[in-house]
Amino acid sequence: MTDFSSVKEKVAIVTGAADGLGKAIAWSYAENGMKVVVSDINADKGSKVAEEIRAAGGDAVFFKTDVSKEDEVKELVDFAVATYGRLDGLVNNAGIAAESRPTHEFSVAEFDRLMAIDLRGVFLGMKFAVEAILKTKSTGGFIINVASQAGILGNSSMATYASAKHGVVGLTKSAALDYAPYNISINAICPGTFRTSIWGQAPEEVVSQYAKILSPSGKLGDPKEIGHLALFLATDLARYISGSAIVIDAGSHAGKVTPVQWAHPEILE
């Protein structure tokens with residue numbers, strides 16, 4: 001039986017944890033005995049996540065952070081260390097999406113804002129978290145950067161977002177080499193399309209139709225799947241995995257799906 005107990009008592013920060021994938025990661029960590037600093041720019045929703053984790057018997061606190069601001073990211077890391085005495089890991093999940101349009105139609109201000117949050121924010125988190133992990137003598141330090149399928153593939157009408165997420169993957173690979181001698185694993189998770197609040201109040205039939213287009217499986221991912229992967233990467237079972245960009249997208253990055261008529265469809269009956 002696979003044992004995930006090595007994560008118990010580890011201290012981890014999860015940014016962008018008020019909703020979606022970040023919330024799923026925070027819950028996965030807390031349910032397995034980790035001490036979680038829930039961070040988000042949305043104080044109301046972020047505080048509620050921490051409160052719900054505590055009500056369920058987990059250990060979590062909230063700290064409001066704008067990851068694009070250096071002083072706030074440093075304060076977040078300092079808070080984690082002051083609260084729990086050390087830092088073992090960080091999940092850089094906070095990020096924003098961009099509208100779909102041709103590259104030349106994005107304004108410079110839009111480009112700068114997206115880079116400040118989706119790429120600079122990851123760099124800032126890594127910078128201060130690595131320092132804290134080293135200074136507090138963590139024996140199993142880890143950093144997980146949530147990139148995107150768009151971090152390994154180009155995508156028309158997504159130049160700003162894709163370039164930021166490609167940058168996240170580059171940061172991940174380079175930093176993994178910097179800190180491998182110090183037993184800090186650094187990996188990126190590259191999600192495809194998941195069932196999160198990004199779909200808003202869209203009718204189920206609309207969501208299902210898009211799922212058939214966006215995923216070879218015809219289904220959207222469950223955020224809990226990201227939580228499970230992030231949990232594994234935080235355990236001692238994954239110490240030899242570093243510098244990887246792990247895609248979780250039902251195979252849509254693998255190539256083009258070509259419809260074909262099966263010669264023996266009766267095997268499905």
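The largest nonpolar core contains 32 residues, a core being a set of buried Ala, Val, Leu, Ile, Met, Phe, Trp, Tyr and Cys residues joined through side-chain atoms within 4.5 Å. Ile13, Val37, Leu87, Ile143 and Ile186 have the most contacts inside this core. At least two of its residues come from each of strand E1 (11–15), H3, H4, H5 and strand E6 (185–191); helices (H or I, at least four residues) and strands (E, at least two) are DSSP runs, numbered from the N terminus. H4 gives the largest share, nine residues. A second, separate core of 31 residues includes Ala50, Val91, Ala234 and Ile248.

This is a predicted model, in which local features need pLDDT of at least 70 and side-chain atom pairs count only at pLDDT 80 or more, while totals for chains, interfaces and linings use all residues. Residues are numbered from 1 along each chain as its sequence is written, and side-chain values use heavy atoms, with hydrogens and water left out.

Helix H3 (residues 70–84) and helix H4 (residues 108–135) have axes that come within 9 Å and cross at roughly 35 degrees; axes are lines fitted to C-alpha atoms, for helices over the stretch in contact, and angles run from 0 to 180 degrees between N-to-C directions. In H3, Glu70, Val73, Lys74, Val77 and Val81 meet Arg120, Leu124, Gly125, Phe128, Ala129 and Ala132 of H4, where contact means heavy atoms within 4.5 Å.

Threonine 160 lies in helix H5 (residues 159–179). Threonine 160 counts as buried because its relative accessibility is 5%, and buried means under 20% relative accessible area (1.4 Å probe, protein chains only). Not counting residues up to four places away in sequence, threonine 160 touches Ala98, Phe106, Phe111, Leu114 and Met115.

Note on methods
Buried < 20%, exposed > 50% of the residue type's maximum accessible area, 1.4 Å probe, protein only.
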